[in-house]
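Please find below a colleague's note on the model under review. It is set out as numbered points, to be read beside the coordinates.

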Amino acid sequence: MSKSPPSLALEPAPGLQRQREVRADRSWDDEADLVAAVQAGDRLAMAALFDRYSPDVLRMLRRVLGTDPDLADLVQEVFARVLRGIDQVHDPYALRGWISSIAVFVARECIRRRKRRWWLGLWRRPQDESDAFESGFEEAPTDWEAREALRTVYRILDSLSAEERLVFTLRFFEGMELTEVASACGFSLATAKRRIAKAREGFWAMAQHEPAVRAWMEGGER
Amino acid sequence: MNQSDAFERLGKRVADTQDASFDERRVLIAARRRFLSRSAETTAPVGGRRQEVLAYGALGAVLGMALVGGHMWMTRPLSYETEQLRVRVEGARSIVRADRGQGAIRFSDGTVVWLDKGAEAMLSRVHDNGATVDVAEGKARVQVVHRTDGRWRFHFGPFGVRVTGTRFAADWQDSTSEFSLTLTEGSVQISGCGMGEPTTVSAGQSVAGSCVDGRASLRFVTEPIPSPAVSASLGGADHATGNAAPSSSSGSPPAGEERRTPRAASAMADPQEPPPDWEALARKGDFRGAYEAIEKTGFEATCDGAGPGTLLQLADVARLAGRMDRSQRALMLVRQRHPGTRASATAAFELGRMAADRGGSAASAGTWFRTYLQEAPGGPFAREARGRLLELNVASGNRKAAEQAAEDYLRRYPNGPHAVLARSIVGK
């Protein structure tokens, strides 16, 4: 992930401010200590792991999937997988990249699940952008036109393959470098480049028919 | 327009728009709570022997909690059963279809979704406080039991319906893209199909419209939409107005519904008929029926003449019927009217448990558990209260307090249900 995580996104429940101060005094500043403690089954270390990496995971899932009512469940799923695989971590300093790859895996599964439902005719809308209020979006954002443009962007992305969508969103929305995209997706650099090129081509063609998206790409308002 | 620059600009706008209206903390707090509460089960990562110990520990914890008796309301996904529906399971999802006639999905919190013949729905994401129900086609009638932290989501075609506690009937016809909804109780918000701002519908109102080419056209209609399903869903009575439902065939409950559900039965009863004995219904495990009976007399009136034991029973029935607000009210009455008694201490424990399990404040939960331990240090829930305090300290990331709580717990209950968790904290 290319962006540094917020210092501490989670606020404790009301009334726990004093405890939060204690919490800052944690002993897992070093990734190796943190991984070792999690591997030993230390629940406090697990909480610290979650606090340290979950903002990045959430942001990455959001960039790839857009508004999704199940974002909290998906974040939880990523960390459940992290815990299941933590014993296999031999290089603690590669933890961030490894967690990113798990987040990508979970996102890819989510996209494929939606598509399966779509093709089976079980559902006509592979992504419910409308359910914003359940997904962390504020209930009354002021800029509805921007929200509409955002929906259109993700509607276009729905028509790309899961792999194309992943590389495209990680590259342009999440701002990852090409090498990071390739690593997170488990592709070679050449494959990542090829898929990004194809995704760009597809997105570009469809965006030409969407004035709001074109306006964004041209750097203006609709 | 240079493509690379265009995509860079697009990416920035997408990120800015997402970040501007996104409440990251809300999602992360929910994810964190679930992750930490389930990590004991999902991790089991640390080698064979330890894995075994954790597994037995988790099992012990579950059994221990269960042994605390009917008082325990454990945090676990709602269970549900279907009636007269064809069910197809696909992974974690169930697709249900009412092939032969009306069918129902009944959830353990008392929420019911009735599907008319021909309707198809998908049930996904069943949580401890709600579920997601996607109605792909047909008529559904819904009765959601109110909870402050309810997570019920319904989708009818492209329309999303947000509910807390409510009763409504809705219809989505996929072939014509037509949607209608009639609300009897509570309020709902409808969104989707490019509507932008959600539309709020209140009790007694109906909306109808369509979704064509990604554009919603919804209008309020003055009269309830004439659907046999609508009045049937209300158990035969209009609870919004208090009027009895017409006795014509259009007002009849679904076949067999009156017989199957105490709620429907009580709603259909003669208003002069004396209310059924709520305690007898509760003893039979019919908590919804018991709660209906209490409400028929009036919850406050029933509480007025009740002693501490009866108030605790009332709190149990209300909780098991999904009425956390009423349950809390009864427990607070025990605290106010009978201070210093064992019942008052038990009420403190129950209030703590409700706050901890039902999305309330962790600080409030901790205060109630500590109150219980002060008032009944050797009481029947002391071990559980100490374990719960340990959980709260772990969840808050307060290492020092967690270690103290863990050591205290292990000293008192070395084989208690939270002993595995406590040992993982102190490293013993």
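1. Conventions. This is a predicted model, in which local features need pLDDT of at least 70 and side-chain atom pairs count only at pLDDT 80 or more, while totals for chains, interfaces and linings use all residues. Residues are numbered from 1 along each chain as its sequence is written, chains are lettered from A and ligands numbered from 1 in the order in which they are written, and side-chain values use heavy atoms, with hydrogens and water left out.

2. Chain A, architecture. Chain A has 10 helices and zero strands; helices (H or I, at least four residues) and strands (E, at least two) are DSSP runs numbered from the N terminus. Along the sequence the pattern reads α-α-α-α-α-α-α-α-α-α. Of its 222 residues, 60% count as buried, a term that means under 20% relative accessible area, with exposed over 50% and partly exposed in between (1.4 Å probe, protein chains only).

3. Chain A, contacts and surface. Among contacts with a separation of 6 or more in chain A, 64% involve residues 24 or more positions apart; contact means heavy atoms within 4.5 Å. The accessible surface of chain A is about 9000 Å², and carbon and sulfur atoms hold 50% of that area. Accessible areas come from the Shrake-Rupley method with a 1.4 Å probe, and for residues only the protein chains shown count as cover.

4. Chain B. Chain B has 16 helices and 15 strands. It comprises 428 residues, of which 54% count as buried. Of the contacts in chain B between residues at least 6 apart in sequence, 47% join residues at least 24 apart. Its accessible surface comes to about 18300 Å², with 50% belonging to carbon and sulfur atoms.

5. Helices α2 and α3 of chain A. Helix α2 (residues 31-39) and helix α3 (residues 43-65) of chain A pack at an angle of about 130°, their axes 8 Å apart. Axes are lines fitted to C-alpha atoms, for helices over the stretch in contact, and angles run from 0 to 180 degrees between N-to-C directions. The pair α2(A) and α3(A) is therefore oblique; angles under 35 degrees count as roughly parallel, over 145 as roughly antiparallel, 65 to 115 as roughly perpendicular and the rest as oblique. On the α2(A) side, A:Glu31, A:Leu34, A:Ala37 and A:Val38 meet A:Ala45, A:Met46, A:Ala48, A:Leu49, A:Arg52 and A:Tyr53 of α3(A). The residues of this contact comprise eight nonpolar, no polar and two charged (Ala, Val, Leu, Ile, Met, Phe, Trp, Tyr, Cys and Pro count as nonpolar, Asp, Glu, Lys and Arg as charged, and the others, Gly among them, as polar).

6. Helices α8 and α9 of chain A. The axes of helix α8 (residues 178-185) and helix α9 (residues 189-207) of chain A come within 9 Å and cross at roughly 105°. Helices α8(A) and α9(A) are therefore roughly perpendicular to each other. A:Leu178, A:Thr179 and A:Ala182 of α8(A) meet A:Leu189, A:Ala192, A:Lys193 and A:Ile196 of α9(A). By class, this contact has five nonpolar, one polar and one charged residues.

7. A:Thr169. This residue lies in helix α7 (residues 162-173) of chain A. A:Thr169 is buried, with a relative accessible area of 0%. Beyond its neighbours within four places in sequence, A:Thr169 is in contact with A:Arg63, A:Val64, A:Leu157 and A:Glu174.

8. A:Ala212. Helix α10 (residues 211-218) of chain A contains A:Ala212. A:Ala212 is buried, with a relative accessible area of 9%. Its C-alpha atom is separated by 8.1 Å from that of A:Thr152, 60 residues apart along the chain.
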